[in-house]
Each structure stands twice: as structure tokens, then as C-alpha cells.
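Notebook open, model loaded. I want to jot down what I looked up, residue by residue.

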Amino acid sequence: MPKCVFCQKEVEVVDRVGVRDDCNNCGSSLHCCLQCEFYDVGSFHECRERVEYRIEHKDKANYCEMFHFGRNAVETLADKDKVKAALDALFKK
Ligand SMILES: [Zn+2]
């Protein structure tokens, strides 16, 4: 389950996160850059989806259409590496 980046509590997402949705635990906006899976400080406009305009307040709700809740991309990548390592180990037999 995706987590709120501000309080690290798991957030139950029904269907999808709306612009007005807040974290039930800490009250932070869920529909903001910091909570988005595409947020990336190293990318253009800090977004991997190459949004056309820069969203100034990364911690405030925005109307970005690319928004996708869940900053677990990093964890997913780490898991992929684990899976790959496991597969490599299998095939090395
Ligand atoms: Zn929270």
C-alpha cells in the first residue's frame, strides 16, 4: 500500500487520489508533487513526466493530470534488483 511521504503512514486509496484528498493521519495534501510517483528532483520541473509548467509548491495540492499517487518507485526498483539477483542465482547453477 502506498504511504504518505509526510508521516509514512499507509494510505488507503479508493480508486484514485483526488485533488482535495488529504492524508487521514497528518492532514497533508495527497495530490501534490511530493506524493507523486513521478516526482524527481533531478528531472525537468522536478518531474519524470516532463510536465509543461513547473509546480511551485511541491507540498500543496495541484491539478496535475499526470499525478499518480505513491512514492514507492524507489522501493519497487530495489525489489526488481532483488528479483534479478535471485534469478541470476538460479541460472548460475
Ligand atoms: Zn500523512
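I started with Y53, which is exposed because 7 other C-beta atoms lie within 10 Å. My cut-offs for this: a residue is buried if 20 or more other C-beta atoms lie within 10 Å of its own, exposed if 12 or fewer, and partly exposed in between, with C-beta atoms placed from the backbone. Y53 is found in the segment before α1. I also checked Y53 against C64: eleven residues separate them along the chain, and their C-alpha atoms are 9.6 Å apart.

Two notes on what I am reading. This is a predicted model, where local features need pLDDT of at least 70 and side-chain atom pairs count only at pLDDT 80 or more, while totals for chains, interfaces and linings use all residues. Residues are numbered from 1 along each chain as its sequence is written.

Next, the overall layout. I find one helix and zero strands in the protein. Both are DSSP runs numbered from the N terminus: helices are H or I with at least four residues, strands are E with at least two. Buried residues come to 16% of the 93 residues. For contacts I take two residues whose C-beta atoms, placed from the backbone, lie within 7 Å. Among contacts between residues at least 6 apart in sequence, 46% join residues at least 24 apart.

Then the backbone. Which non-glycine residue has a positive phi of about 65°? That is D15. D15 sits in the segment before α1, and α1 covers 73-91. D15 counts as exposed because it has 5 C-beta neighbours inside 10 Å. E46 is not a glycine either, yet I read a positive phi of about 60° for it. E46 is also placed in the segment before α1. With 17 C-beta neighbours inside 10 Å, E46 counts as partly exposed.

On to the core. Which residues form the largest nonpolar core? I list twelve: C4, V11, V17, L30, C32, C33, C36, Y39, C47, A61, F67 and F69. By a nonpolar core I mean a set of buried Ala, Val, Leu, Ile, Met, Phe, Trp, Tyr and Cys residues joined through C-beta atoms within 7 Å.

Leaving out residues up to four places away in sequence, L30 touches V11, V17, D21, D22, C23, Q35 and F69. C32 lies in the segment before α1. Why does C32 count as buried? Because it has 23 C-beta neighbours inside 10 Å. Setting aside neighbours within four places in sequence, C32 is in contact with K58, D59, K60, A61 and N62.

Last stop, M66. Its place is in the segment before α1. M66 counts as partly exposed, since I find 13 C-beta neighbours inside 10 Å. Beyond its neighbours within four places in sequence, M66 is in contact with F38, E49 and V51. M66 and C36 are 30 residues apart in sequence, and I get 8.9 Å between their C-alpha atoms.
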